[in-house]
Amino acid sequence: QLQASGGGLVQPGGSLRLSCAVSGFTFSSLDMGWYRQAPGKERELVARMSKVGVINYADSVKGRFTISRDITRNAVDLQMNSLKPEDTAVYYCKAEWGPRTAWGQGTLVTVSS
């Protein structure tokens with residue numbers, strides 16, 4: 001099970017920290033990622049961290065967002081700084097192991113003044 005939290009309403013330039021708690025899996029064997037889907041758009045990759053620590057970011061968030069994993073909480077976090085209105089979306093966490101995947105339920109981030 002993946003449980004995402006931390007979304008909300010924030011002004012442009014503000015920060016939010018999303019967290020995805022993982023249960024029922026061997027956390028260390030998972031590749032973890034954050035994706036987002038804005039209204040009327042396809043779901044897109046935001047950031048991904050492999051089980052060995054390789055990190056990828058979408059160009060649109062590089063330098064503003066940071067993905068990290070906390071093995072003590074079995075969680076993957078997404079620190080989002082300098083938020084822009086175009087970051088408004090439902091954010092989902094995703095776990096991958098081999099050919100299999102699991103998705104969290106999504107958390108809404110709204111960036112607006």
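Student: How much of the protein chain is buried?
Tutor: Of its 113 residues, 42% are buried. Keep in mind that this is a predicted model.

Student: Okay, and how many helices and strands does the protein chain have?
Tutor: There are 11 strands and 0 helices.

Student: What box do the C-alpha atoms fill?
Tutor: Roughly 40 × 25 × 25 Å, along the principal axes.

Student: What share of the contacts with a separation of 6 or more comes from residues 24 or more positions apart?
Tutor: That share is 52%.

Student: Switching to S19: where is S19 found?
Tutor: S19 sits in strand β3, which covers residues 16-22.

Student: Buried or exposed?
Tutor: S19 is buried: its relative accessible area is 16%, and the cut-off for buried is under 20%.

Student: Which side chain does the S19 side chain make a polar contact with?
Tutor: With that of R73, at 3.3 Å.

Student: And what else does S19 touch, leaving out residues up to four places away in sequence?
Tutor: Besides R73, S19 touches Q3, A4, S5, W34, A75, V76 and D77.

Student: Last topic, charges. How many positive and negative side chains are there?
Tutor: The protein chain has 13 positive and 9 negative ones, with the centres of the two sets 3 Å apart.

Student: And what does the accessible surface come to?
Tutor: About 5,900 Å², with 50% of that belonging to carbon and sulfur atoms.

Methods:
Residues numbered from 1 in each chain as written. Predicted model: local features only at pLDDT ≥ 70, side-chain atom pairs only at ≥ 80, totals over all residues. Heavy atoms only, no water. Helix = DSSP H or I, 4+ residues; strand = E, 2+ residues; numbered from the N terminus. Buried < 20%, exposed > 50% of the residue type's maximum accessible area, 1.4 Å probe, protein only. Polar contact = N/O pair within 3.5 Å; in protein donor to acceptor, adjacent residues only side chain to side chain. Contact = heavy atoms within 4.5 Å. Areas by Shrake-Rupley, 256 points an atom, 1.4 Å probe, with all protein chains shown as cover. Lys, Arg positive; Asp, Glu negative; His and termini not counted. Charge placed at Lys NZ, Arg CZ, Asp CG, Glu CD.
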